[in-house]
Amino acid sequence: RLHSLKDASLVKEFPSDRVLSKRKDQRLFVTPDGLTVLALDFNKFKTYDLKAKDAKASDFSPPARGLFADLCFSPDGKLALTIGDARVVSLLNPKTWKEQGTIEAGVDLRNLAYAPEAKLIVGTYRDTIRVIENAPKGKELHQLQHVGNVAELALIPNQARAVSMTRGKEPALRVWDLKSGELLGKYDLPGNPQRIAVAPDGKHAVVCDTDKTDSLYGLPAGK
C-alpha cells in the first residue's frame, strides 16, 4: 500500500499473489526517485510503477553474482549495488541494470549500503560492519566490531557515518565514523528493538521496538 505521510490516507493499493512478511527473503526496496517499488519474494522480484494508473506488477530480477542476497541504491540514484552468494558486490547502472564493475567482498554481506561522499561500500557480517573502498581492488578498510550480531544498519546522509543496532543480551545503538573506523557513540537500548531509521539532517535516530513504541536518540554532531 502507498500512503500519504501528511494525512495517512491510502493513495494506491497494489495486489499481490503472496503475503510479504518480515522474513529476510521477503522485502521491499524503493528506488531513490520514489517512483518504483521492488518487492523481493524468495529471490524473485516484482516491480510496481507508482506513476502507472493500474497496479499491475512486472517480473524483474536485478543482476547479482550467484543467488541474490541484497540490494541498495546510492542516494543520487546513479548507482545500484547487489550482492549474491558468490560474495561479490556488483555495481550496476539502475537505468539499464548493466554491470559496470565488481568488488570482492569475501563474506556474505547483508544490510548493504553505499556512502558516496567517501566512495565506501558498507555492509554487515555477523558481529561486524565491513567498510570497503569502491575502487578497482576494493580494499577493506575496517571491520567494526560489535557485541552480538549486527541486525540493522543505516547511513547518516552526507557524513560518511553509520548507525548500527544489535539485539540479544546487550541491545545497543552505535554511531561510527566510516573513514577512521572510530566509535563515536554508544546507546544501550531497552526492550527488544527491531528497526532503526536516521533523520535526513543526521541529527536523530528513531528505534522501533516490538512493544509498539518508538524512541528518539540524538546523534553526535558531524564534522
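**A strand and its neighbours**

Arg-110 stands opposite Thr-124, a residue of β12. The model shown here is predicted. The pair belongs to an antiparallel arrangement in which β11 and β12 are joined by four bridges. These two strands make a hairpin with four residues between them, and in this hairpin Lys-119 adopts a positive phi near 55°.

Strand β12 also pairs with β13, which covers residues 128-133; this pairing is antiparallel and runs over six bridges. Tyr-125 has Thr-128 of β13 as its bridge partner. Here too the two strands form a hairpin, with two residues between β12 and β13, and Arg-126 in the turn has a positive phi of about 55°.

How are the faces of β12 covered? In a regular strand, side chains alternate between the two faces of the sheet. On one side of β12 lie Leu-120, Val-122 and Thr-124, on the other Ile-121, Gly-123 and Tyr-125, and all of these are buried. Because six of the six residues of β12 are buried, the strand is largely enclosed by the rest of the structure.

The next step is the core. The largest nonpolar core has 16 residues, and the members that touch the most others are Leu-81, Ile-83, Val-89, Leu-91, Leu-109, Leu-112 and Ile-121. Two or more residues of this core come from each of β7 (68-73), β8 (80-84), β9 (88-92), β11 (110-115) and β12 (120-125). Apart from this core lies another, of 14 residues, including Ala-151, Ile-156, Leu-173 and Val-207.

Not counting residues up to four places away in sequence, Leu-112 touches Asp-70, Cys-72, Leu-81, Thr-82, Ile-83, Ile-121, Val-122 and Gly-123.

Is Thr-82 buried or exposed? Its relative accessibility is 0%, so Thr-82 counts as buried; the cut-off for buried is under 20%. The side chain of Thr-82 reaches the backbone oxygen of Pro-63 at 2.6 Å. Leaving out residues up to four places away in sequence, Thr-82 touches Pro-62, Pro-63, Ala-64, Phe-68, Asp-70, Leu-71, Val-88, Val-89, Ser-90, Leu-92 and Leu-112.

Conventions: Residues are numbered from 1 along each chain as its sequence is written. This is a predicted model: local features need pLDDT of at least 70, side-chain atom pairs count only at pLDDT 80 or more; totals for chains, interfaces and linings use all residues. Side-chain values use heavy atoms; hydrogens and water are left out. A nonpolar core is a set of buried Ala, Val, Leu, Ile, Met, Phe, Trp, Tyr and Cys residues joined through side-chain atoms within 4.5 Å. Buried means under 20% relative accessible area, exposed over 50%, partly exposed in between (1.4 Å probe, protein chains only). Contact means heavy atoms within 4.5 Å. Two strands pair if DSSP finds at least two bridges between them. A polar contact is a pair of N or O atoms within 3.5 Å; within protein, one must be able to donate a hydrogen and the other to accept it, and residues adjacent in sequence count only if both atoms are side-chain atoms.
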